[in-house]
Structures are given as structure tokens and as C-alpha cells.
Amino acid sequence: MTVERNSGPLLRLENVVQKFGGLVAVNNVSFEIRKGEVKGLIGPNGAGKSTTFDLVTGVRPPTSGEIHFNGIRVTRQPAHTRSPMGMARTFQIVRLFRGLSVLENVQMGMHPAFPDGLLPSILRSAERRRQEAESRKRAMKLLDFVGLADRAGERIETLTLGQLRLVDIARALASGPDLLMLDEPAAGLNDAETRNLAEMLALLKKRGMSMLLVEHDIDFIMSACDTVVVMDHGTKIADGTPAEVSRNREVIAAYIGRRAADVTV
Amino acid sequence: MLMTLSYLLLAGLTNGSVYGLIALSLSVIYSASRVINFAQGEFVMLGAMSAVLFLVTLALPWPVALVAVIVVSVVVALGLDHGIYRPLVRRKAEPLTIMIGTLAGAIVIYGSAFLIWGPEPRFVPPVLSLAPIRLGFLISNAQQLSLIVLFFGFLALTWFILYRTRFGLSVRATGVDPKVALLMGIRSERIVQFTFIYSAAMSGIAGMMIGPLLGAHVSMGILITVKGFMAAILGGLGSPFAAAAGGLAIGMLEALMAGYGTSLYAEPAIFVLILMVLIVRPYGLLGDYEAERR
């Protein structure tokens, strides 16, 4: 269960709407993520969860409604301004930098914290050398956390999908985010890799990381999350603990069908 | 026999250094933007022609003239960036469209140079001595050798920037995936602007140094672009070092063809060679698959 804490929520969506032409992909959705909370976002295909995720990460601004992060209105802030604000994301289709080493990929995530002006880079002041060493050290620590420290020097292409997802997470963590947003992190992973991922997320949660998780894998999300938002046809149909949500008639109906819901309850 | 060969190789190395610098420039810009800058050779022309202006007309000492040549190249590169690259990229133009845009830029630069300097070839005074230097049985001169030194110097500097600095890491990452790089807070426009400026400066300096050996005229740019482009394609456009090596290879081939056959067939022969290489290795001799997609 979530620990109730001071101040306002870390992330707040208020009546968010996204229309594509006549199609309402996200219909008046509101929810909050508190500090330290792990929130899942699930729903059948076409439920609007990916679109909602895009709105939160800033891929596009919503048609209407507001999104607040850390008390700041970010509704129309473009995606690239969100990493310095403390929002980091991973990608469903892993998008790491080919041709770069595993370590370099993680270092890329630190960009806001380690400015890269060219002249200082070449002149290599003592301060700059210290920063570069610090950046490598931090990246190594993160790789160690995800269990890939021994692959640091290898090119990213040599890794398996499961390992790539871990590097993606390490890269997201490298910016030192307040909120980690994971886009279907378990998609395409085998059982062992999924278990490994779940353990890592549990460890992150123990360290107080707030997360937003979009996932297809219901078992995965039910065990990883404090609370779950369920969407269907663009609308939020439930929001609560995994236990509450899994007893919800509408949720069962959305997943299994109306008649099954009547039978099960 | 050996002496002829050595001379030819030295001549090839000199020309190859210029082609290599252009190929290096093209590839650096390409790696960050997936655009081939058809105006690259114009910077060599600008370097050579403005060297005449600064060294002869204004009679500036050469270090000052060198700085002035770099300033001219950088200013024109900024014009290319702000006048063509950025407006097109912001309108979401395809790399191919932007490439045609750089061709337009080349024509504008050439046309302006024509208005300023007219069609006559100019003599560019050598910065360094043309007095013969003996290297064993080879005779060269400081100007010629400086081009080779320049080429390897820029090669080393480019490697250092790309592979030993955080900035270079950003350049490489932008080339692989500008959208994700943007999410990491790297503005690809800034990176591409750097590659334009850096490449223009390299080419301008090369122009100032090759001028005394080749002669300078306002229409020399396009030929140099084509040679540099061929070099980059032969070596592999995706990697600056492969592209630069392609420049050396073309310079050598040209010299050997001219020495042992006739220079008349040098260019067709090189084209045939490039064709054959590309059939077997579509990404260039040393190229990687990375040229394949943005």
C-alpha cells in the first residue's frame, strides 16, 4: 500500500482529452501519482493507454485538460524539456543508440546534469575531467544495478532484448528522475527476464522511486504496482489497488466480456 | 622505377589529402544530419579565393589571413545552416530535399563568388615555402607536405572530438537517433550547426593551402565536392575515417592512372571502380550498415 505523504501529488492528470479527428482516444481521464507510488496503466488493445502515456511523456499535447508535474503545469511542455524536470521514460520498442557502447548509452541519459559544450570538452579543465569521470562512475553504478556492468564496453548491438530493456531503464535512471515512466517493459521478454525485471522494479520501488507502468501483462502489473488505472475505450473505468481493481465488474467486463462479468460476480 | 612510383604516391597522397578532408567533412555532417552537403567544395573555393584577398590585396601576414579565411568559412557555413538547413528541417523536409537545398546553396555561393571575383583563375601565394625539400630521393616542398600534415591532423582532431569528448558522444548519438537524443535534452540543430562550422573551417583551410598548388578559380568547388563525395562513397559515408580513407584511395588511384596510363582515363576508371565496390559492398569499402537508416 502507498504511504500517504505530505504535499501534493507528483503527477496529476485533470480531465485530459485527446481527440484524433472524430475519434476520442482519451476521454476525460484524471488520475494522480503520489511520491513513491508505483502506478500501473492497463486496458485492452485500443483502450487509450499508449495515447495517455504519450500525453504524460509529452509526445503530443492533449486536446484539452491539464497535466501537472511536481506542482508545475507541463501540459504543453515539449518532450525534451521533461527530462531536466525529472521525468524519464523508456520505450516499448527499445530505442538505444546503435554504434555506441553500453556505457555510453547510459551516459547519454545524464545529459541534463552534465553539459557538453564543445570548448570545455576540448580544453578539458580539471572541473570537466572530474565531471567526465563522475559521469562514467555513475553510469557504471547504474549498469551494476541492472546487472550489466560486465558488458559496459560492448557495442549495444551485441545485447539481447531483455538486456536492452535493462540498459534503457539504466539510461532513464541516469538523469536522476523523480518519476520513471516505463512503456511496456515486459513486452517480448521471456519468463526469466520478466522475473528479473520485476525484481529490479521492486528494488527501485523500495528505494522510493515513483513509477508509471504501462503494461499488457496483467500478472506483471498486479504484482508490481501499488495502484492500477484501468482504461477501456478511452475512458478510465477503475482506479485502485490491484485487489480492488480485479474485483471491479467493469474491469472484468472489459477484459472478458459482459456476460462473463455477470457470471463471475 | 621505384622513384617514379614514389613520386606518384606522394602526388597521390597530396591530392588524396584534399579529397580526404572533403570526404571527412561530408561524412561528419552526414553522421549528424543524414544530409550530404553539396556546398562543401565551395568552402575550398572560398578558402582559396579569400586567401588571395587577404594575402595579396590586403597584404595581411599569413597567420592573420588564416584566421580571416576561417572566419569567412564559418560565416558562410552559418548562412547555410540558418538559411537552408534549419528552415527545411523545421518544416520536416526529408534529407533528400535538404540535400537539394545545399546544392542551391552551392550555386548561390558560386554565383556570389563569381560576382566578386569574376571568372579568371587567380594565383594563390604559398603560405609556406615552395623551395624543394629532399626526403631521401624524393623532392617535395613545405606547402605540399603541409597538406598531408593538415589532413592527418584534422583526422586526429576529429577522432578526438567524436570519441573522446562528451560533446562527440552527443554528436554520434544525434546521428543515430535525433528524436531520442532530443528526449535526452540534446538539440540536434545545435549539433548539426557545429558539424557545418567545423567542416567549413577544415575545407576553408584546405582551400588556402591547396590554392598555390592547384590554382584558384570560382568554379573549382563543384569538382571538389564531386571528388570528395566519390571518396566518401568509396570509403563509406557512415564513418568519417572510412570516408577519409576513401579520399586517400582516390588520390592515389588518380596519380597512378595518370602516371602509368593516361590521365584521360583516370576518372572513368575511378567511376568504374567505385561502381564495382558498391555492387559488392553497398556501404563502402570500410562502411558500416549505419548509413542505412535514420
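Q: Which strands does helix 7 (residues 191-206) of chain A lie across, and at what angle does helix 7 run to strand 8 of chain A?
A: This is a predicted model, in which local features need pLDDT of at least 70, side-chain atom pairs count only at pLDDT 80 or more, and totals for chains, interfaces and linings use all residues. Residues are numbered from 1 along each chain as its sequence is written, chains are lettered from A and ligands numbered from 1 in the order in which they are written, and side-chain values use heavy atoms, with hydrogens and water left out. Helices (H or I, at least four residues) and strands (E, at least two) are DSSP runs, numbered from the N terminus. Axes are lines fitted to C-alpha atoms, for helices over the stretch in contact, and angles run from 0 to 180 degrees between N-to-C directions. Helix 7 of chain A lies across strand 3, strand 7 and strand 8 of chain A, and runs at about 150° to strand 8 of chain A. Helix 6 (residues 161-174) of chain A lies across strand 6 and strand 7 (179-183) of chain A, at about 155° to strand 7 of chain A.

Q: In what order do the strands of the six-stranded sheet of chain A stand?
A: Strands of a sheet pair through backbone hydrogen bonds, either parallel or antiparallel. Two strands count as paired if DSSP finds at least two bridges between them. In chain A, the open sheet of six strands has the order 6-7-8-3-9-10, and its pairing is mixed. Strand 6 (87-89) and strand 10 (235-240) of chain A have a single partner strand each, so one side of each is left without a neighbour in the sheet. From one strand to the next, the twist averages 15°. Within the sheet, strand 3 (residues 38-42) and strand 8 (residues 210-214) of chain A run parallel and are joined by four bridges; A:G40 stands opposite A:L213 in strand 8.

Q: Which strands form the edges of the four-stranded sheet of chain A?
A: The four strands form an open sheet in the order 2-1-4-5, with antiparallel pairing. Its edges are strand 2 (23-33) and strand 5 (72-73) of chain A, each of which pairs on one side only. Helix 1 (residues 49-57) of chain A packs on this sheet and touches strand 1 (11-20), strand 2 and strand 4 of chain A; the direction of helix 1 makes about 120° with that of strand 1. Strand 1 and strand 4 of chain A run antiparallel and are joined by five bridges, with A:L13 opposite A:I67 in strand 4. Strand 4 (residues 64-69) and strand 5 of chain A pair in the antiparallel sense over two bridges, and A:F69 has A:I72 as its bridge partner in strand 5. The hairpin of strand 4 and strand 5 of chain A has two residues between the strands, and A:N70 takes a positive phi near 55° there.

Q: How do helix 2 and helix 8 of chain B cross, in terms of distance and angle?
A: Angles under 35 degrees count as roughly parallel, over 145 as roughly antiparallel, 65 to 115 as roughly perpendicular and the rest as oblique. The axes of helix 2 (residues 40-57) and helix 8 (residues 188-214) of chain B come within 7 Å and cross at roughly 55°; the two helices are therefore oblique to each other. A crossing is left-handed if the near helix is turned anticlockwise from the far one by less than a right angle, and right-handed if clockwise. The crossing of helix 2 and helix 8 of chain B is right-handed.

Q: How does helix 1 of chain B pack with helix 5 of chain B?
A: Helix 1 (residues 2-33) and helix 5 (residues 142-164) of chain B pack at about 30°, with their axes 9 Å apart. They are therefore roughly parallel to each other, and the crossing is left-handed.

Q: What pLDDT does chain B average?
A: The pLDDT is the predictor's confidence in each residue, from 0 to 100. Chain B averages 88, and 97% of the residues score at least 70. Over residues 290-294 of chain B, the pLDDT is below 50. Where pLDDT is low, the predicted coordinates should not be read in detail.

Note on methods. Contact = heavy atoms within 4.5 Å.
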